[in-house]
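Please have the sequence and the structure open while you read.

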Amino acid sequence: MQEPEVIIYTDGACKGNPGPGGWGVLMIAGVHRRELCGGERLTTNNRMELMAAIEALRALKRRSSVRLITDSSYVKQGIETWIHGWKRNGWRTAAKAPVKNCDLWQALDELNAAHDVEWRWVKGHSGDPGNERADQLSNDGIPN
């Protein structure tokens, strides 16, 4: 059986860093669209960027072929490049410091392995409709 193909746009936002933050997800599978958002009262922008990707992949009901589009180079570089060294070093950086947001990186790593994910980066606030919608959803997720 062929894996479903899903396009996912993710974004995170923070009012102050740290401060109240939100994450947003736009999922597109054929003619179906799904939007998700949430947030935390005290967080960072990077944590919200990671949460958007985690919640998006967590929402998939079965193994899928995913094109995940983020405007966070932190998320894209982390999951494609840095994570291999972190895992080899026992979740420590090259400077032997603990990896920031390790709990979220571990969750994302597990979910990434459960799907066939192609990671793509898009410049934020550049008019890409999917990214603009994910940005709006991330702001909607910020707690008052």
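Ten of the 14 residues of helix 1 are buried (under 20% relative accessible area, with a 1.4 Å probe and protein chains only), so helix 1 is largely enclosed by the rest of the structure. Among these buried residues are Met48, Leu50, Ile54 and Leu57. Helices here are DSSP runs of H or I with at least four residues, and strands are runs of E with at least two, numbered from the N terminus.

The model is predicted, and local features need pLDDT of at least 70, side-chain atom pairs count only at pLDDT 80 or more, and totals for chains, interfaces and linings use all residues. Residues are numbered from 1 along each chain as its sequence is written, and side-chain values use heavy atoms, with hydrogens and water left out.

Two packed helices are described by the angle between their axes and the distance between the axes. The axes here are lines fitted to C-alpha atoms over the stretch in contact, and angles run from 0 to 180 degrees between N-to-C directions.

| Helix 1 and helix 3 | Value |
|---|---|
| Approach of the axes | within 9 Å |
| Crossing angle of the axes | roughly 30° |

Helix 1 and helix 3 are therefore roughly parallel to each other, a term for angles under 35 degrees. In their contact (heavy atoms within 4.5 Å), residues of helix 1 including Leu50, Ile54 and Arg58 meet residues of helix 3 including Asp103, Trp105 and Leu108.

Elsewhere, His32 is found in strand 3 (residues 32–43), and His32 is exposed (over 50%), with a relative accessible area of 59%.

How values were computed. Angles under 35 degrees count as roughly parallel, over 145 as roughly antiparallel, 65 to 115 as roughly perpendicular and the rest as oblique.
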